[in-house]
Protein chains: 2
Amino acid sequence: MSTTSGAHTLVRRSHEERVLRILQRFGALSRGEIARRVGLSRTTVSEITTDLLGRGAITVVDTDANERAGSGRPAERLAIDPGSGQYMGVDFGHRRVNVAVADAAHEIIATGTARYPESAQWPERLSAAFALVERLQVDRRVHYGALQAVGVGVPGWGDRSWADGVAESFADRFHASVIVDNNVRFAGLAEALHSHPDTVNNLIYLRLSDGVGGSLVVDGRLVRGATSFAGELGHVTVAEAGTAACRCGKRGCVETFASAPAILARCRAEGAQVQTIDELRTAVAIAHPGVERVLRDTGAVIGRVLGAAAMTLNPSEVVVSGEIVDVSPALVQQVAATITYELSWQPEMAPVVRAAVLRDEGGALGAVAALFHESPLLKSYPEAVRAPSGGRTSTTKEHNMAGPVVRVGGARCRS
Amino acid sequence: MSTTSGAHTLVRRSHEERVLRILQRFGALSRGEIARRVGLSRTTVSEITTDLLGRGAITVVDTDANERAGSGRPAERLAIDPGSGQYMGVDFGHRRVNVAVADAAHEIIATGTARYPESAQWPERLSAAFALVERLQVDRRVHYGALQAVGVGVPGWGDRSWADGVAESFADRFHASVIVDNNVRFAGLAEALHSHPDTVNNLIYLRLSDGVGGSLVVDGRLVRGATSFAGELGHVTVAEAGTAACRCGKRGCVETFASAPAILARCRAEGAQVQTIDELRTAVAIAHPGVERVLRDTGAVIGRVLGAAAMTLNPSEVVVSGEIVDVSPALVQQVAATITYELSWQPEMAPVVRAAVLRDEGGALGAVAALFHESPLLKSYPEAVRAPSGGRTSTTKEHNMAGPVVRVGGARCRS
């Protein structure tokens, strides 16, 4: 009986997620409407909603008495309780921090941006972020007391020792669970959820910026890997001789060829006067042949790397992002063409290949999404839970495990 | 409250899995011993075991009265109930079918092999498998009535229309849930669980055989991808010119270079008289320089492909398998060296690179493991559930969804 019961529980878990997702999408619904939309029996939906009501996740908002055509008792309508918590996503870039706050119904209720000089160190960046959240609170949109969890995106991974400090600062300040992760990883998740919230379970995301980073969603979950470096496609070797040395110490990495500075430099070597992405846009507008060639070559190289990754992971979408991608349609076209050829032997594998839809806001939205969109997402995070110092709770012994980048605190997470 | 409750449930789910795993490993334990071994509080363990007892997954086997040193009431000892079900793994190769049957405690209680000619079609292969299971039943080790689920591994994917037929045949015959998948995928899972049942959550597996196939375990789950082609590393392009045409229609695929027949052919081109893997073994034993060169070159090419995959997925282990690998230590050494260099920029990423431990039995063991080792594993399988025709149950409407390769039937899965 064990495994069958287990399987049954598993199915129920997944049904519960479907019920919550339908309520997120459609707002208030009666049990009968929920049953129809998720394709479950009334009995099953009743059991699930009873449980969700008991846990305070959803609430009865009204009845369908006014709209009801037929006879019979009016049906209660249920909705996610927006008062059941707030969730904050924070994305630290090199020159700005973005914040997005959502309620428990997954509605974004506040966003903001604060700037700092590129030379700013972590204390200054944190101060800017905290001041920004303070302003959002003064506007009465954000309530510290309602904050359940904070997801913080940080650039790159170079020296991770400060990730712990960042996590701790946020946990101490907001008495909430905190997750810290690479902001490209969060941006990829946001992209996966943005266009197809219900269907994109497998996505490969590549961002061309000062460096080249990637993000993977597999079976609806962000992939971190064994030591949280998953998605580091920037350092795949694409050529062995005659290529520039990479900051990583190897030669011929994707990054030496396809980062924004590398692309601009290669365009200049082809005679185009492009120092900035704006100048590249102008060169593309006049169809500068050297620039076109560089963008096609870049697309082909990236396409082969992403094609191999797609052969490995069989995603439904491959997304390329970055300011430089936005001004270079030829690049994305060539990426798509190369991936199409690589996977041509098996047409069923063909993914959608496209430029990213979200711009700078993606990181903060993805950080929020990581907190609650798919509860199994958090399973891939290290099991590291800690009460913040001076927080409202004592440390719960069984949760007190060490971990590199996750801090979870506050009584609300364990009550 | 919704998400926090959700997070709490999630933690409990994971604790339950830890309790079950400890019982699988150590047999009968008291609640106190369980609590110590999994690092949970007595209270939490009590709640979990009460639930598991109620579901019939575990049973009280005795008390520790005899061994008890101190005073006080003897403590009940709990164990997984082996009578709670049997699980069968089936692996169809080109010339044989392997079967392994496990009880609910994850102990393998019966194994067997039946052969058929390579020319045998599916009806003949199925008959051979059913006759083999019949013999295992006559030996009183396997009980049809106890069979909860069957995992069936099949070679390759070429024409998948028959996968449905295979699933249906097994569901009809055994009135049990059936999963059909690529046997290399199952073999990779078995390899992931074999050496490190508790720790390997991220593994890349490559098999060099008549073709080249792969398998991925990410966050403890088998990866199928959007259309179940994940892991098809055999058709990554590794060279573009002057290489043999691949059966897939492209040129320069890994498979044209690193399948067992391709390696043997390249050795012959270097003057070694090797028609078979046994002859290759002899050539390796005398350190034939041409053969050594071919194996090193193969290892370097595979190493670059696996290095890129490791950059993508950040696994803790990379495993290379196949008869030809077993006789070619130089190949695995070179794979390891190349991956080490590719990931050298980030020492924390370095995975263990090794030859497979399991041989021909891996597929059937992996098929069993897929059924129950990690319940979340099944989450990545399409939600396709169906009562077998003539089975003991009527079709449950809410589960009656169409799906390509999964058939789940039998009342036991929904009671």
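**Exercise 1.** Find out which residues A:Tyr144 touches, leaving aside its neighbours within four places in sequence.

*Solution.* Keep in mind that this is a predicted model.
- Step 1: list the partners. A:Tyr144 is in contact with A:Phe130, A:Val133, A:Glu134, A:Gln137, A:Arg173 and A:Phe174.
- Step 2: A:Tyr144 sits in the loop that runs between helix H4 (122–138) and strand E7 (147–154) of chain A.
- Step 3: take one partner and check the spacing. A:Phe174 is 30 residues from A:Tyr144 in sequence, yet the C-alpha atoms are 6.4 Å apart in space.

**Exercise 2.** Work out what kind of aromatic pair A:Phe92 and A:Trp122 form, and which parts of chain A the pair ties together.

*Solution.* 
- Step 1: start with the total. Over all chains, the count comes to 10 aromatic pairs.
- Step 2: look at the geometry. The rings of A:Phe92 and A:Trp122 are 4.9 Å apart, centre to centre, with 80° between the planes. Planes over 60 degrees apart count as edge-to-face, and that is the label for this pair.
- Step 3: locate the two residues. A:Phe92 belongs to strand E4 (residues 86–92) of chain A and A:Trp122 to helix H4 of chain A, so the pair links parts that are 30 residues apart in sequence.
- Step 4: check burial. A:Phe92 has a relative accessible area of 0% and A:Trp122 one of 16%. Buried means under 20%, so A:Phe92 is buried, and A:Trp122 is buried too.

**Exercise 3.** Now follow A:Phe92 to A:Phe170 and say which aromatic cluster they belong to.

*Solution.* 
- Step 1: the ring centres of A:Phe92 and A:Phe170 lie 6.2 Å apart with the planes at 70°, so this pair is edge-to-face.
- Step 2: A:Phe170 is in helix H5 (residues 161–174) of chain A and A:Phe92 in strand E4 of chain A, so the pair ties together parts 78 residues apart in sequence.
- Step 3: A:Phe92 and A:Phe170 are both buried.
- Step 4: A:Phe92, A:Trp122, A:Phe130, A:Phe170 and A:Phe174 make up one aromatic cluster.

Technical notes. Residues are numbered from 1 along each chain as its sequence is written. Chains are lettered from A and ligands numbered from 1 in the order in which they are written. This is a predicted model: local features need pLDDT of at least 70, side-chain atom pairs count only at pLDDT 80 or more; totals for chains, interfaces and linings use all residues. Side-chain values use heavy atoms; hydrogens and water are left out. Helices (H or I, at least four residues) and strands (E, at least two) are DSSP runs, numbered from the N terminus. Contact means heavy atoms within 4.5 Å. Rings of Phe, Tyr and Trp (its six-membered ring) pair if their centres lie within 6.5 Å; planes under 30 degrees apart count as stacked, over 60 as edge-to-face and the rest as tilted. Buried means under 20% relative accessible area, exposed over 50%, partly exposed in between (1.4 Å probe, protein chains only).
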